[in-house]
Amino acid sequence: MDEVVWRFDPSGGPGGQHSNRSNTRVEAALDLGTVGGIDDEERERLVARLGPILRVVVDSSRSQTRNRSGALDEIEKRLRAALLVEPERRPTRP
């Protein structure tokens with residue numbers, strides 16, 4: 001959680017001149033090259049599949065707190081999917 005870099009912007013959508021716009025759009029970035037808690041083999045797999053920096057943008061809600069939570073969930077989902085090792089396929093007879 002401490003290694004995630006947050007950025008907040010106003011969400012797109014309706015709004016006009018002099019409208020009160022809040023910064024609810026959330027962009028979360030995680031540097032996979034320096035993130036702690038993983039070994040070198042996992043780090044190489046993550047960088048190969050996701051790139052050196054994992055970026056997630058969420059603006060589905062009008063609440064910054066819910067968008068932050070959604071961004072963390074999306075980061076977790078992408079990390080789990082990238083770490084998944086597919087079992088070797090054994091050919092079978094038809």
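Which residues of helix H1 (residues 40-50) are buried?

Modeller: The buried residues of helix H1 (residues 40-50) are Arg-43, Arg-45 and Leu-46. Around the helix axis they cover an arc of only 165°, which puts them on the same side of H1. The arc is taken from the directions that lead from the helix axis to the C-beta atoms. Buried means under 20% relative accessible area, exposed means over 50%, and partly exposed lies in between (1.4 Å probe, protein chains only). Helices (H or I, at least four residues) and strands (E, at least two) are DSSP runs, numbered from the N terminus.

Some ground rules. This is a predicted model, in which local features need pLDDT of at least 70 and side-chain atom pairs count only at pLDDT 80 or more, while totals for chains, interfaces and linings use all residues. Residues are numbered from 1 along each chain as its sequence is written, and side-chain values use heavy atoms, with hydrogens and water left out.

Take Glu-41: it counts as exposed at 53% relative accessibility. Glu-41 forms a salt bridge with Arg-45, and the closest N and O atoms are 3.2 Å apart. A salt bridge here is a side-chain nitrogen of Lys or Arg within 4 Å of a carboxyl oxygen of Asp or Glu. Arg-45 and Glu-41 are four residues apart in helix H1, so about one helical turn separates them. After H1 comes Gly-51, whose phi is positive, near 95°.

What covers the buried residues of H1? Helix H2 (64-83) is included in that cover. H1 and H2 pack at an angle of about 110°, and their axes are 9 Å apart. That makes H1 roughly perpendicular to H2. Angles of 65 to 115 degrees count as roughly perpendicular, under 35 as roughly parallel, over 145 as roughly antiparallel and the rest as oblique. The axes are lines fitted to C-alpha atoms, for helices over the stretch in contact, and angles run from 0 to 180 degrees between N-to-C directions. Which residues meet? From H1 come Glu-42, Arg-45, Leu-46, Arg-49 and Leu-50. From H2 come Arg-78, Leu-79, Ala-81, Ala-82 and Leu-83. Contact means heavy atoms within 4.5 Å.

Two strands pair if DSSP finds at least two bridges between them. Strand S2 (residues 25-31) runs antiparallel to S3, and six bridges join them. Ala-29 stands opposite Arg-55 in S3.

Look at Ala-71 next. It sits in helix H2 and counts as buried, at 0% relative accessibility. Leaving out residues up to four places away in sequence, Ala-71 touches Trp-6, Val-26, Ala-28, Val-56 and Val-58. Ser-61 is ten residues from Ala-71 in sequence and 11 Å away in space, C-alpha to C-alpha.

Glu-27 is found in strand S2 and is buried, with a relative accessible area of 11%. Again leaving out residues up to four places away in sequence, Glu-27 touches Val-5, Trp-6, Arg-7, Arg-55, Val-56 and Val-57. The side chains of Arg-7 and Glu-27 meet in a salt bridge (3.5 Å, N to O). This pair links distant parts of the chain: Arg-7 is in strand S1 and Glu-27 in strand S2, 20 residues apart. Arg-7 also forms a salt bridge with Asp-9, where the closest N and O atoms are 3.5 Å apart. Arg-7 counts as partly exposed, at 46% relative accessibility. Asp-9 is buried, at 17% relative accessible area. A network of salt bridges links Arg-7, Asp-9, Arg-25, Glu-27 and Arg-55. By the salt-bridge rule, the count comes to eight.
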